[in-house]
Protein chains: 2
Amino acid sequence: MEKHQGYELLERIGGLLRAELRKRGAEYGLQPTHLHALGFFAQANRYSNTPAALTEYLGVTKGTASQTLLVLENLDLVKKTEDAQDRRVVRVELTRRGQAILAALVPPELWVATSAKLNKRELDELVRGLEKVLRVMQQANGARSFGVCRTCRHFLREGANKFRCGLTQEPLKAAESRKICREHEAVPAE
Amino acid sequence: MEKHQGYELLERIGGLLRAELRKRGAEYGLQPTHLHALGFFAQANRYSNTPAALTEYLGVTKGTASQTLLVLENLDLVKKTEDAQDRRVVRVELTRRGQAILAALVPPELWVATSAKLNKRELDELVRGLEKVLRVMQQANGARSFGVCRTCRHFLREGANKFRCGLTQEPLKAAESRKICREHEAVPAE
DNA sequence: TTTGTTAGTATCGAGGCGATACTATAAACC
DNA sequence: GGTTTATAGTATCGCCTCGATACTAACAAA
């Protein structure tokens, strides 16, 4: 019947989650965007922990992202350091306080309660569907995928616990290979 | 692996759609919220075409909803009329212009392109999953479901083309029974 | 060295949003 | 009846987001 039911549903669910995030973040003076940014830096690998990467991730202008970061810095939730190699670049990492607040607020209770009421099969199916939607949407949009390092076409496996990035040629630690990367590209299909 | 992958995905997809909506709406001076509000009134039945219903639908305070409506009114996208029965109540409907802009912008191109690349089975499966998530989330939240009239527990079928609302006892036209209602309650399960 | 590109910041204006306070109408209660 | 209470909506304030524009600093290429 409805032609774009999927869109409606995504928007409504997104809206509810956003409203929830706003409510929860309010007591810390945090907006939804702040929490998204915190979540991003918590997961970003060393190629992606910069304001520019956040800009692309959030899909906003760099001015806006800069503002967001300023707020987080003033609240002592992130720490900026100048990159030694390229002095234009700023590296961002979460402070202990930032990590604590993120862990307390994300994902919000509402989602925890909701996903607990779905059975495993439903949830898996949903996740698979959403993954595909996101992937298709990003490539339709010419946007970066921000996928996990391990799943990238540039990811090279050189031994039992030895990895390397085929793009930068640098070795990667196992922990880092589970973080998200700005340069991530999906393995070409078929 | 990831414990709350579903949440991440929903937030990211929601963010992309939101950014897209913002971009598209910009040339008309419309924010994402404005388009959500327009979309709501386009679908709201006669029990739900009021600022109060919009407030609950968007999950914001009534002051905020009132502001949003003011903008839409000034842009000549909606028209307010005083209710004759209850003079506290304001009825909102889209102007021709409002309908045209809504049709042009929602759903955004990005979604149309994305959903076109999914096959029918995938899409159906996804919609079913999202419907369940929304339902569970709304009841976990104590929020109204804003479902389609026909699917409500108060919906009564009195003949081939004769319907009635069991809550207000008023007769319903077929067209109206396909709109969304503020008083909607799901049929209790099993 | 000049020219161009990239990373990031600063500032401005429109608007979202919650909080608070307010008006007007309706309903409930005694 | 009249009083209280609840509901629908608006107005105003302050903080924040966001895009647009303009800017600086550092790197890269010619």
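This is a short tour of a predicted model, one selection at a time.

**Stop 1: chain A, as a cartoon.** Select chain A and look at its secondary structure. Chain A has seven helices and five strands. Now follow the chain along its sequence. The pattern reads α-α-α-α-β-β-α-α-α-β-β-β. How compact is chain A for its length? Its radius of gyration is 18 Å, close to the 16 Å that the globule rule gives for 190 residues, so chain A is as compact as a globular protein of that length.

**Stop 2: chain A, as a C-alpha trace.** Along its principal axes, the trace spans about 55 × 50 × 30 Å.

**Stop 3: inside chain A.** What share of the 190 residues is buried? In chain A, 34% count as buried. Next, think about contacts between residues at least 6 apart in sequence. Of these, 55% join residues at least 24 apart.

**Stop 4: both chains.** A rotation of 180 degrees superposes chain A on chain B, with 0.0 Å of shift along the axis and an RMSD of 0.0 Å. The two copies are thus related as by a two-fold rotation axis.

**Stop 5: Gly14(A).** Of the C-alpha atoms in chain A, that of Gly14(A) is nearest the axis, 2.6 Å from it.

**Stop 6: the interface.** Select the interface residues of chain A. Then find their counterparts in chain B. Of the interface residues of chain A, 100% are also interface residues in chain B, so the copies meet through the same surface.

Terms used
Residues numbered from 1 in each chain as written. Chains lettered and ligands numbered in written order. Predicted model: local features only at pLDDT ≥ 70, side-chain atom pairs only at ≥ 80, totals over all residues. Helix = DSSP H or I, 4+ residues; strand = E, 2+ residues; numbered from the N terminus. Rg over C-alpha atoms; globule rule 2.2 N^0.38 Å. Buried ≥ 20, exposed ≤ 12 C-beta atoms within 10 Å, placed from the backbone. Contact = placed C-beta atoms within 7 Å. Least-squares fit on C-alpha atoms with pLDDT ≥ 70 in both.
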